[in-house]
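User: I am new to this structure and would like to go through some of its contacts. Could we start once it is displayed?

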Amino acid sequence: MMKRLKVEEAVGHVLAHDITEIKKGERKGPAFKKGYIIKEKDVPHLLDLGKKSVYILENSEDRVHENEGAARLADLAQGSGLKRTEPSEGKINLLAAHDGLLKVESSRLKQLNLHPDVMMATRHNNTPVEKGEKLAGTRIIPLLIADEKLREVENELGDKPLMRVKHYEDMKAAVITTGSEVYEGRVEDQFTEVLEEKLEYIGGDVVLTDIKPDDRQQIAEAISSALAAEVDLVVCTGGMSVDPDDVTRFAIEDETDELISYGAPVLPGAMFMLAYADNVPVIGLPACAMFYDVTVLDIMLPRIAAGEKIRAEEIAEAGHGGLCLQCEICRYPECSFGRS
Ligand SMILES: Nc1nc2c(c(=O)[nH]1)N[C@H]1C(S)=C(S)[C@@H](COP(=O)(O)OP(=O)(O)OC[C@H]3O[C@@H](n4cnc5c(N)ncnc54)[C@H](O)[C@@H]3O)O[C@H]1N2
Ligand code: MOO
């Protein structure tokens, strides 16, 4: 159990919790850590921190201290690809152990947070994250919690962790540039380099490129050869909208067996198309993806690279959060874009 003692009387006792010191613009952190044995020389410092009394620790079996409470909550969330910090001021942070796609089971997270006296705050599901980034923080709200209460949370949440970071698969992609103006050399291809960059970010490679005019059959043949070369992903660029010579989508239909969607509730990216040929994703990418830094591709590609098959329902859900504000300084993925 805990006992409250005047600081002068607390000398020689074990501190029950971290004591925070905040100096504006200078420092925020624990001046004293839980478990610290208070010494005579600490008394003035504690008084400077506004502590006339402190909680000291006495042994008890049915109560769990904030640091252990945080560790038990972290256990519920920490799946593969996450690591944790030591508790500080009663809180544990979960970090990305490697680059990848963050998965958070938001309905189970809510279940946890419906319990009084515990909290867990996370980043959004399906966020592409980089090694070392902070993904979640968790703690109990009071200093001590009944072991039974924590056990209730643990029983309800079960063994399956709430969070994990999926590795990106080493994707080999084919890029088929379409457009008679590019094919005839009137315009230099500027799309392929955009895709090379985006694939590099998720650990993939463009291994095959082709340029075709706005001709359904020629584009279809290029898709067919890319699939025969056993790439993991085919991306066709351009010719995705409404002009009479925008035929890319018909060529994609010709060569795939499962159309997920032509059109996506995402701006930029309304004319996005996703289909599968024998489970290999074939994307039709509108020319806006060449112009804007962040588009529908940045929402879909990390998921595809993490080995997920995207369903039509999920594309429909992308409408909520599907509007990019094109901020002067882009902070994607730290913004509302793509966070449905
Ligand atoms: N009347 C309408 N106009 C447009 C619509 C619409 O629904 N109704 N949709 C708009 C949307 S949304 C988009 S996005 C754009 C682009 O659509 P496309 O994918 O069909 O693009 P293209 O027509 O093929 O090309 C547009 C533009 O981009 C240049 N381009 C294309 N590919 C390359 C490349 N590899 N390298 C360099 N430049 C490229 C092309 O030359 C054109 O200038 O359509 C809106 N319009
Ligand atoms: O496919 Mo287009 O702008 O929606 O950007």
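User: How far is an oxygen atom of ligand 2 from a polar backbone atom of Met271?
Analyst: This is a predicted model. In it, the distance between an oxygen atom of ligand 2 and a polar backbone atom of Met271 is 2.9 Å.

User: And what is the distance for Ala270?
Analyst: A polar backbone atom of Ala270 lies 2.7 Å from an oxygen atom of ligand 2. For Gly269, a backbone N or O atom is 3.2 Å from an oxygen atom of the ligand.

User: Which residues surround ligand 2?
Analyst: The surrounding residues are Leu267, Pro268, Gly269, Ala270, Met271, Pro286 and Cys288. Of this shell, 6 residues are nonpolar and 1 is polar, with no charged residues.

User: Changing topic to the helices: at what angle do H7 and H8 pack?
Analyst: Helix H7, residues 216–228, packs against helix H8, residues 248–255, at about 45°, and their axes are 8 Å apart.

User: Which hand does the crossing of H7 and H8 have, left or right?
Analyst: The crossing of these two helices is right-handed.

User: Which residues make that contact?
Analyst: H7 contributes Arg216, Ile219, Ala220, Ile223, Ser224 and Leu227. From H8 come Thr248, Phe250, Ala251, Ile252, Asp254 and Glu255.

User: How do the residues of the contact of H7 with H8 divide by class?
Analyst: There are 7 nonpolar, 2 polar and 3 charged residues in the contact between H7 and H8.

Definitions and conventions:
Residues numbered from 1 in each chain as written. Chains lettered and ligands numbered in written order. Predicted model: local features only at pLDDT ≥ 70, side-chain atom pairs only at ≥ 80, totals over all residues. Heavy atoms only, no water. Axes fitted to C-alpha atoms, helices over the stretch in contact; angles between N-to-C directions. Helix = DSSP H or I, 4+ residues; strand = E, 2+ residues; numbered from the N terminus. Left-handed = near helix turned anticlockwise from the far one by under 90°. Contact = heavy atoms within 4.5 Å. Nonpolar A, V, L, I, M, F, W, Y, C, P; charged D, E, K, R; others polar. Near = heavy atom within 4 Å. Polar contact = N/O pair within 3.5 Å; in protein donor to acceptor, adjacent residues only side chain to side chain.
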